[in-house]
Amino acid sequence: PLDEAALIARIKAKLVEQNAVMVVHYYVDAVLQRLADETGGRVSDSLDMAAFGAESAAQTLVVCGVRFMGETAKILSPEKRVIMPTLQAECSLDLGCPADEFTAFCDAHPDRTVVVYANTSAAVKARADWVVTSSNALEIVGHLRDRGEKILWAPDRHLGRYIQEKTGADMLLWQGSCIVHDEFRAEALADLKRQHPEAAVLVHPESPKAVVDMADVVGSTSRLIRAAIELPNETLIVATDKGIFYKMHEAAPHKTLIEAPTRGHSATCVSCAHCPWMAMNGLVNVLAALENPAAHEIQVSEPVRVEAVRSIERMLDFSR
Ligand code: 13P
Ligand code: SF4
């Protein structure tokens, strides 16, 4: 087998040969984040991954993350080849919101505007009026509330409740959750806070309410990285997937970053908050995707794509 340096050299050569760029989420292994940075790709949150993929001149997008991220890239850029290191990288939010059940839910509430989180299948996005990410959900739902619209929200119940509380919008919530963020525990976090009274708490809104309520800053991955730079605190307790520490440390190298505790761990124990599907992305399967793109290609059927692209474009237009 090739060592890390040889894998990286092969991937770099293949990226050039295939006019390909890497689009990598913050939760993915640091070695892939570094490689994307070195090769003109992008490391970012879900919103920026979608926008970057659509605007890139590359013919092939190597999307390192989970399936919905590859699907969104393909929906926005049907003319490009979108490949992923593995087609098995799912998301509990996507899995917990099957298109047929979701459609029945929407059909039962025809008076509501359907707003879905980006962490959903292409088929669910096709049924939606709007797609949002954690970066723009508050603004978009606030805008719909101002227009007097009632909302059907799916799939993350914690994010839905947070938006509802912040905007006061009338929202009916699907009851999905993220298996990573759902594990953060408020009691253990309170213990940790007592040990580090000077620390600020940064929380992704897919976390449970009791954890969000303890946050100094709540937001998407990119918002939390910005907060790490901007906050005066030298110590930060972070409740999101630990993949984020690579960029957070790069952005605020002198700060002390502490993982928020998860279920089953004492406050002093290192948390295990890492998405098993994000962890499936590595150098070996990035190279495999570039060497055998046909076996790693994301496909979205054209009838689904033309429906889904409306709700995604609406979001991108709103955020521009
Ligand atoms: P953001 O990067 O948009 O905050 O999304 C987080 C996430 O859970 C992606 O799976
Ligand atoms: Fe889905 Fe959670 Fe994994 Fe993100 S971290 S891909 S929301 S399961």
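I looked up N19 and found it in the loop between α1 and β1 (20-25). Helices here are DSSP runs of H or I with at least four residues, strands are runs of E with at least two, and both are numbered from the N terminus. The phi angle of N19 is near 50°, a positive value in a residue other than glycine.

I noted that this is a predicted model: local features need pLDDT of at least 70, side-chain atom pairs count only at pLDDT 80 or more, and totals for chains, interfaces and linings use all residues. Residues are numbered from 1 along each chain as its sequence is written, while chains are lettered from A and ligands numbered from 1 in the order in which they are written.

**Entry: a cis bond**

Which peptide bond is cis? I found that the bond from A154 to P155 is, with omega near -10°. P155 sits in the loop between β7 (151-154) and α9.

**Entry: the whole protein**

I counted 15 helices and twelve strands in the protein. The C-alpha trace spans about 50 × 50 × 35 Å along its principal axes. I then checked the radius of gyration, taken over C-alpha atoms; the globule rule is 2.2 Å times the number of residues to the power 0.38. For 320 residues, a compact globule would have a value near 20 Å, and the protein, at 19 Å, agrees with that.

**Entry: α1 and α14**

I turned to helix α1 (residues 4-17) and helix α14 (residues 283-291), whose axes come within 10 Å and cross at roughly 30°. Axes are lines fitted to C-alpha atoms, for helices over the stretch in contact, and angles run from 0 to 180 degrees between N-to-C directions. The two helices are therefore roughly parallel to each other. By the scale used, angles under 35 degrees are roughly parallel, over 145 roughly antiparallel, 65 to 115 roughly perpendicular, and the rest oblique.

α1 passes α14 in a left-handed crossing (left-handed if the near helix is turned anticlockwise from the far one by less than a right angle, right-handed if clockwise). I listed the contacts, meaning C-beta atoms, placed from the backbone, within 7 Å. On the α1 side are E4, L7, I8, R10, I11, K14 and L15; on the α14 side are L283, V284, V286, L287, L290 and E291. These residues divide into nine nonpolar, no polar and four charged. Ala, Val, Leu, Ile, Met, Phe, Trp, Tyr, Cys and Pro count as nonpolar, Asp, Glu, Lys and Arg as charged, and the others, Gly among them, as polar.

**Entry: α3 and α4**

Helix α3 (residues 46-55) packs on helix α4 (residues 67-76) at about 35°, with the axes 9 Å apart. Their crossing is right-handed. S46, M49, A50, G53 and A54 of α3 meet M69, T72, A73 and L76 of α4.

**Entry: α8 and α9**

The axes of helix α8 (residues 137-146) and helix α9 (residues 157-167) come within 10 Å and cross at roughly 55°. These helices are therefore oblique to each other. α8 passes α9 in a right-handed crossing.

**Entry: the ligands**

Around ligand 2 I found 14 residues, the closest being C91, S92, C178, V180 and C275. That shell divides into ten nonpolar, two polar and two charged.

Conventions
Near = placed C-beta within 6 Å. Contact = placed C-beta atoms within 7 Å.
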